[in-house]
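Hi everyone, thanks for coming. Let's look at a pair of chains together and see how they touch.

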Amino acid sequence: MASSIPDDIFFAGITEINQKLKAKEFSAVELTRAFSERLERLGPRYNALALSLRDQAHRAAKDVDDDMKRERYRGPLQGIPFGAKDLLAVAKLPTTWGARPYATQVFDYTAHALKKLDKTGGILIGKLAMVELAGGPSYRYASASMTGPGLNPWDPTRWSGGSSSGSAIAVAAGLTTFALGSETSGSILTPSAFCGITGLRPTYGLVSRQGAMALSWTLDKIGPLCHSAEDCGLVLEHIAGGDSEDPGSAGKSFYYAPAYARDLKEIRIGFATVDFDEWADPAARPDFAKALDTIREMGVQVTDAKLPEFPYGAVISTIISSEGSAVFEPLITSGKVEQLADAKQIAGLRAGLEIPAKDYLKAMRIRSLIQSAFRDMLAEIDILLAPARYGPAPMITQPLDRPLSDRPLPSTPGLSALIPAANLAGLPALSLPCGFADRMPIGIQLVGRPFSENTLLTVGKHFQERTDWHKRRPPMGES
Amino acid sequence: MASKSQARTPHPARTKLTRRQLAAVLSAPALLAQTPAPPLPQNADEELKAVRDQNRANAAQLDKFPLPMSVEPAVHFKA
């Protein structure tokens with residue numbers, strides 16, 4: 001379809017688009033129409049679209065154009081089309097949580113993070129598909145979603161990753177400039193790495209979850225998926241902040257301040273060689289090694305690191321199962337849980353109701369020790385660095401709870417448990433695309449101490465100034 | 001109740017673990033990962049049994065982890 005919007009704009013960053021809007025190279029209405037058309041046309045191809053919001057987006061874009069005509073500038077997100085994972089409520093419209101039992105669910109309020117973006121002039125053009133109930137306690141297949149498996153724009157026979165599947169697909173395929181997702185344990189980092197985009201999991205409590213589906217009250221976080229670290233900083237600044245309606249709110253704001261970034265020479269980054277040499281998929285090792293070299297060349301201090309020793313998997317699984325099954329007890333006891341798509345998730349929710357209080361409390365007590373141990377560790381090291389996932393996205397039909405290869409286990413654990421460990425400790429993380437394996441994107445993750453997002457973003461920005469992985473586009477036929 | 005300073009004591013349980021205890025706790029997931037994966041459950045009953053077995057295995061791992069009595073859960077109640 002003919003459009004006045006150049007193709008490059010679909011993959012451009014927030015600042016560039018905002019400058020072009022201010023320069024009147026195109027209007028917000030033209031931009032929104034072009035993105036909405038693209039989202040409606042290509043979103044279903046990848047099972048990424050839950051609900052197009054074209055009409056309300058058009059109205060919002062007209063308001064932005066009126067504001068810009070009067071030179072009422074509201075910041076870098078003004079006029080930027082974005083999408084939101086369908087676990088965030090939008091008043092009077094369906095919010096399905098990716099799950100058939102909630103297909104007709106409608107709330108009379110809008111999620112706090114979306115209201116904040118609306119105030120900045122960001123334009124919500126669609127709600128994006130997700131793994132049902134954000135994955136619940138666990139799921140076996142990529143098809144665990146009311147909208148079908150998230151298909152990777154780099155190769156639709158592969159999974160997009162989840163549970164923020166539609167959010168990652170939309171950004172990777174240029175259907176929205178950025179998207180909001182959520183992470184309980186890996187749901188922002190995994191799809192970001194598999195789809196070749198940049199994802200930020202904020203510190204627990206930095207972004208209000210009011211109006212978002214709860215899976216685990218003590219683990220859930222809302223965060224941005226974007227083209228670059230810089231865009232993640234800009235979005236985070238506008239969604240972070242205290243909220244009395246979120247009991248987990250830290251009451252803190254965030255200001256993206258690259259101008260006041262710490263000198264790279266002062267930043268100490270810890271990593272484990274075994275992650276890159278043994279845990280990583282052999283096809284991914286060359287680009288992971290180059291990423292490590294790039295980090296070293298930036299002038300940061302690099303040192304060996306290993307995780308404190310805890311049974312992370314058992315702790316996080318017990319917590320998510322207990323809290324998730326408590327959240328969804330009415331769904332389970334009503335029998336409607338059977339309408340979910342994934343048999344393992346159904347069984348996990350049922351069995352989660354049987355977990356004894358002593359096990360949940362023991363997991364939460366061990367979690368206290370995990371927090372304390374990370375506090376000590378991150379007094380010496382600013383950032384932990386590891387592959388975000390050890391290899392590229394699996395095939396759509398592959399069981400996700402089975403080993404992806406028959407390679408023997410590496411000699412030491414390295415930072416292999418970093419995703420559950422850092423989520424248990426409430427730590428922020430940034431996923432950066434860093435190359436390819438089997439022609440699919442791979443990424444690294446940076447994890448920092450609580451509320452150190454600016455440090456992570458500084459390192460991410462410098463990494464992306466030296467690489468162009470975040471600018472690569474999937475080979476989509478667009479007919 | 002643990003005082004604030006107790007709660008911040010760096011990693012108190014770690015110092016109380018013997019090498020043997022630590023090895024038992026940490027080798028469990030590695031051994032599980034090295035064991036060939038069981039066949040996929042074929043029906044809802046098998047799924048439920050598999051998840052219950054996993055939850056029991058998780059509980060057993062938690063039980064092996066020695067916890068000082070002073071350690072409180074990572075939750076805050078605000079009066």
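A word on burial before we start: a residue is buried if 20 or more other C-beta atoms, placed from the backbone, lie within 10 Å of its own. By that count, buried residues make up 14% of the 79 residues in chain B. This is a predicted model, where local features need pLDDT of at least 70, side-chain atom pairs count only at pLDDT 80 or more, and totals for chains, interfaces and linings use all residues. Residues are numbered from 1 along each chain as its sequence is written, and chains are lettered from A in the order in which they are written.

Chain B has four helices and zero strands, taking helices as DSSP runs of H or I with at least four residues and strands as E runs of at least two.

Now the contact, meaning C-beta atoms within 7 Å. Chain A brings 34 residues and chain B brings 31. On the chain A side, α13(A) gives the most, with 14 residues.

Let's zoom in on one helix pair. How do α12(A) and α4(B) pack? Their axes, lines fitted to C-alpha atoms over the stretch in contact, are 8 Å apart at an angle of about 55°.

Technical notes
Two residues are in contact if their C-beta atoms, placed from the backbone, lie within 7 Å. Axes are lines fitted to C-alpha atoms, for helices over the stretch in contact, and angles run from 0 to 180 degrees between N-to-C directions. A residue is buried if 20 or more other C-beta atoms lie within 10 Å of its own, exposed if 12 or fewer, and partly exposed in between; C-beta atoms are placed from the backbone.
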